[in-house]
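Good morning, colleagues. I would ask you to keep the model on the screen in view while I go through it.

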2 protein chains.
Amino acid sequence: MGRTSKGQATESAAPTIILVRPQLGENIGMAARAMLNCGLSEMRLVAPRDGWPNERARRAASGADVVLDGARLFDSVGEAVADLQHVVATTARARDLVQRIVTARHAASEIHGWIAAGERVGILFGPERTGLENDDIVHADTALSIPLNPQFSSLNVAQAVLLVSYEWIAAADETPAERMSEHAARPADKDEMRNLFAHLERALDQSGFLRHQAMRPAMVNNLRALLQRAAMTEQEVRTFHGVIKFLGKQKHDG
Amino acid sequence: MGRTSKGQATESAAPTIILVRPQLGENIGMAARAMLNCGLSEMRLVAPRDGWPNERARRAASGADVVLDGARLFDSVGEAVADLQHVVATTARARDLVQRIVTARHAASEIHGWIAAGERVGILFGPERTGLENDDIVHADTALSIPLNPQFSSLNVAQAVLLVSYEWIAAADETPAERMSEHAARPADKDEMRNLFAHLERALDQSGFLRHQAMRPAMVNNLRALLQRAAMTEQEVRTFHGVIKFLGKQKHDG
């Protein structure tokens with residue numbers, strides 16, 4: 001939280017989201033919800049059209065009250081960014097200002113660097129209809145543009161907050177790209193798989209499915225490969241033994 | 001668009017977004033808007049609670065009518081995924097099913113691979129309150145979980161559609177991470193910069209600012225480095241010549 005009072009700086013481990021002249025309370029609330037999902041909780045509001053606090057914002061926040069309760073109100077962009085060292089302005093399109101423009105993903109990476117260096121960072125989002133004006137943007141050192149469908153780039157402000165906040169949390173995320181569900185039982189070991197193959201092949205031999213000796217090796221290998229690919233758990237191997245046993249019984253009864 | 005009729009496949013260059021038992025028309029509309037921003041236009045709806053078409057969806061789509069107009073209606077998840085070769089289920093948390101779980105970013109990369117191979121892909125999103133049930137999830141070969149704040153993971157369905165769709169477009173995006181605004185004038189060349197430095201230093205010598213000869217070289221280099229860092233355009237160099245000239249006049253008049 002920037003500074004608690006003039007000259008007294010406190011540490012901030014994340015950027016501040018600054019909504020400039022937001023119009024609809026619903027969007028302020030949805031922005032708060034988006035932020036908290038992404039681990040951001042510092043919000044600043046510059047001259048919200050319908051005043052503050054706002055009951056519609058509260059309802060749309062769906063439990064992200066901590067963001068709204070801590071939101072700080074300012075009259076102007078200049079006052080809202082005064083204690084910050086880096087300000088990023090989100091813009092849908094390049095204006096006539098000469099500016100450095102970064103993607104949302106690159107901005108997230110830069111912001112992590114600034115925050116790690118102990119610097120205070122804010123991200124400006126403009127009002128619903130018009131976006132940020134040049135008089136707002138000149139408070140920023142960097143412009144951020146989210147690459148979207150050039151034929152239809154029409155995010156509302158809460159959607160823009162979500163994407164920028166998501167890139168912030170994603171940049172530090174260490175979730176494995178691919179994993180098995182957490183409550184998964186122990187993966188089967190290869191000895192358990194070998195026993196399963198043997199059981200299946202005995203049953204298929206008895207049933208006559210593998211009666212063509214010339215085709216038998218390829219058929220067996222294809223079935224083994226299929227079952228290997230399923231990455232079965234020890235529990236699933238036991239279930240599958242039951243399946244083979246009962247299908248075999250049915251066959252003999254039938 | 002999957003198949004136009006049985007056995008007749010048409011090409012699909014993007015995944016289909018499948019909303020399962022969506023409750024609020026607003027969320028269907030916001031999902032459509034999110035999709036089109038990310039270049040996705042194929043939507044399927046499984047048993048929407050309030051029927052279809054839905055006027056609230058239309059209003060919330062903010063112009064993404066093409067998505068709603070083309071949306072296909074199904075009674076069950078099974079029917080909605082019948083013509084697809086890969087189905088990804090978005091889930092907020094791991095259920096008791098043994099499943100492969102991927103991040104949204106990894107899913108996007110996998111889906112691009114499948115689409116490039118000519119395969120048809122759908123992504124399932126569950127209803128607002130409960131998310132997908134196990135009976136829905138078993139239609140999918142892959143589960144997708146978006147890594148978010150573990151203390152507050154509460155996206156609504158349209159926000160989830162936005163993040164997954166965004167990862168889809170971002171995975172193929174070639175926007176430079178950092179660039180100058182498109183309408184920027186020509187960057188100044190180094191000869192123009194050298195002339196500017198010379199003008200500035202003459203003016204500062206005349207004004208007495210550089211009178212301490214021992215400090216002069218470091219001072220001059222720091223000013224040159226600062227102006228280099230600003231990456232000025234040719235137009236800005238001309239403006240700055242004017243600034244130096246007029247500040248110098250003021251000094252002499254004063």
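**A loop, two sheets and two copies**

I begin with a proline: P53(A) lies in the loop between strand 4 and helix 2 (55-60) of chain A, where helices (H or I, at least four residues) and strands (E, at least two) are DSSP runs numbered from the N terminus. A cis peptide bond joins W52(A) and P53(A), with omega at about 0°. In chain B, the bond from W52(B) to P53(B) is likewise cis, omega being near 0°, and P53(B) is located in the loop between strand 4 and helix 2 (55-60) of chain B.

Before going further, a word on conventions. This is a predicted model, in which local features need pLDDT of at least 70 and side-chain atom pairs count only at pLDDT 80 or more, while totals for chains, interfaces and linings use all residues. Residues are numbered from 1 along each chain as its sequence is written, chains are lettered from A and ligands numbered from 1 in the order in which they are written, and side-chain values use heavy atoms, leaving out hydrogens and water.

The loop between strand 4 and helix 2 of chain A also contains A47(A). A47(A) is not a glycine, yet its phi is positive, at about 45°. In chain B, S62(B) has a positive phi of about 50° and is not a glycine either. S62(B) sits in the loop between helix 2 and helix 3 (65-69) of chain B, and at 36% relative accessibility S62(B) counts as partly exposed.

Let me turn to the sheets. Strands of a sheet pair through backbone hydrogen bonds, either parallel or antiparallel. In what order do the strands of the open sheet of eight run? The order is 5(A)-4(A)-3(A)-8(A)-6(A)-9(A)-7(A)-10(B), with mixed pairing, two strands being paired if DSSP finds at least two bridges between them. At the edges stand strand 5 (72-74) of chain A and strand 10 (178-180) of chain B, each with a single partner strand, so one side of each is left without a neighbour in the sheet. Neighbouring strands of this sheet are turned by 30° against each other on average, direction ignored.

Within this sheet, consider strand 3 (residues 16-20) of chain A, where five of the five residues are buried. T16(A), I18(A) and V20(A) point one way from the strand, I17(A) and L19(A) the other way. Strand 3 of chain A runs parallel to strand 8 (residues 121-125) of chain A, with four bridges joining them; the partner of T16(A) in strand 8 of chain A is G122(A). Four bridges also join strand 3 of chain A to strand 4 (residues 43-46) of chain A, again in parallel, and I18(A) has R44(A) as its bridge partner there. From strand 3 of chain A the chain crosses through helix 1 (residues 25-37) of chain A to strand 4 of chain A, and this β-α-β crossover is right-handed: with the strands pointing away from the viewer, the path from the first strand over the helix to the second runs clockwise.

Strand 6 (residues 86-90) of chain A is joined to strand 8 of chain A by four bridges, in parallel, and A89(A) has L124(A) as its bridge partner in strand 8 of chain A. Helix 7 (residues 157-171) of chain A lies across strand 3, strand 6, strand 8 and strand 9 of chain A, at about 150° to strand 8 of chain A. Such angles run from 0 to 180 degrees between N-to-C directions of lines fitted to C-alpha atoms, for helices over the stretch in contact, and contact means heavy atoms within 4.5 Å.

Finally, the two copies. Chain B can be laid on chain A with an RMSD of 0.1 Å by a turn of 180° and a shift of 0.1 Å along the axis, superposed by least squares on the C-alpha atoms of residues with pLDDT of at least 70 in both. The two copies are thus related as by a two-fold rotation axis. The same surface serves both copies, as 100% of the contact residues of chain B recur in chain A.

Definitions and conventions: Buried < 20%, exposed > 50% of the residue type's maximum accessible area, 1.4 Å probe, protein only.
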